[in-house]
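Student: I am new to this structure and would be grateful for a close look at one part of it. Could the pockets and their surroundings be described in turn?

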Amino acid sequence: MVGSLVATAFWAMLPAYVPNNAAVLAGGGRPIDGGREWRGARVLGDGKTWRGTAVGTAVGVALALVLNALVDPVSGAVGIDLPAFDLLAAVALAFGAMCGDIGASFLKRRSGRERGAAFPGLDQLDFVGGALLAVFLLAPAWATEVFTLPVLAVVVVMTPVLHVVTNVAAYVLGVKNEPW
Ligand code: CTP
Ligand code: K
Ligand code: MG
């Protein structure tokens, strides 16, 4: 029961988890805010780029398509009925995750935090909020079927743990500037 909730939550959120990590590897180039400031601080900052956002979204959608090709054998192997991704749901999860992270940077700049500064809580859940909001808005039937209340509860508890682990790992490997 718990195992199937965790497996479903992890599988369904993978297209939202991977974009931020892909953006770290792909980032660079022109910042989304074009260098503009608002009220004495950058609108978003140099850490939110067009390339990172586009590549992150594309990688998330591509991963969903790969998962769709694997869903039957994996479901059979683990004995859990994992969901396949509607295209719109995949786009919403990936792009919504990137938008949640971008929204968080906007809030960080408004609260005087420089690029790279930690914002505990927000850092671990911004992309989850963005992804879930987008998928419930753009693919409501799919989202309601997959993200039942127990699955949502697992997502909210599991994601910060995974986020901390992957970011510390990325920092230790030298691909990320801060361990958060
Ligand atoms: N990145 C990007 N575009 C995005 C998100 C991330 O190019 N939409 C890249 C940037 O190179 C960024 C790195 O991924 O520096 C790490 O992402 P993140 O930790 O979200 O950004 P920070 O640099 O910490 O900036 P902020 O304080 O605004 O979160
Ligand atoms: K972030
Ligand atoms: Mg950061």
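Student: To begin, about how much space lies in the second largest pocket?

Tutor: In this predicted model, the second largest pocket holds about 150 Å³ of space. Its lining is formed by Ser4, Thr8, Ile80, Asp81, Leu82, Pro83, Glu145 and Val146. By class, four of these residues are nonpolar, two are polar and two are charged. The helices α1 and α5 (140–146) each contribute at least two residues to this lining.

The largest pocket, for its part, has a volume of about 920 Å³. It is lined by 39 residues, and those closest to its centre are Asn20, Val24, Lys48, Asp101 and Lys176. Two or more lining residues come from each of α1, α2, α3, α4 (122–138) and α6 (149–172). The greatest contribution, eight residues, is made by α1. The lining comprises 14 nonpolar, 15 polar and ten charged residues.

Ligand 1 sits in this largest pocket. Around ligand 1 there are 19 residues, of which Lys48, Thr49, Ser105, Arg115 and Gly116 come nearest. This shell contains three nonpolar, eight polar and eight charged residues. Its largest share, four residues, is supplied by α3.

Individual polar contacts may now be considered. An oxygen atom of ligand 1 lies 2.6 Å from a side-chain N or O atom of threonine 49, and a polar side-chain atom of arginine 109 is 2.7 Å from an oxygen atom of the ligand. At glycine 47, a polar backbone atom is 3.1 Å from a nitrogen atom of ligand 1. Taken alone, ligand 1 exposes 570 Å², and the protein buries 89% of that.

Methods:
Residues are numbered from 1 along each chain as its sequence is written. Chains are lettered from A and ligands numbered from 1 in the order in which they are written. This is a predicted model: local features need pLDDT of at least 70, side-chain atom pairs count only at pLDDT 80 or more; totals for chains, interfaces and linings use all residues. Side-chain values use heavy atoms; hydrogens and water are left out. A residue is near a molecule or strand if one of its heavy atoms lies within 4 Å of it. A polar contact is a pair of N or O atoms within 3.5 Å; within protein, one must be able to donate a hydrogen and the other to accept it, and residues adjacent in sequence count only if both atoms are side-chain atoms. Accessible areas come from the Shrake-Rupley method with a 1.4 Å probe; for residues, only the protein chains shown count as cover. On a 1 Å grid over the protein atoms alone, a cavity is a set of points where a 1.4 Å probe fits but cannot get out, and a pocket is an open set with protein on both sides within 12 Å along at least five of seven lines; lining residues have an atom within 4 Å of a point. A molecule sits in a cavity or pocket if more than half of its atoms lie within 2 Å of its grid points. Ala, Val, Leu, Ile, Met, Phe, Trp, Tyr, Cys and Pro count as nonpolar, Asp, Glu, Lys and Arg as charged, and the others, Gly among them, as polar. Grid points are joined across faces, edges and corners, and a volume is the space filled by probe spheres set on the points.
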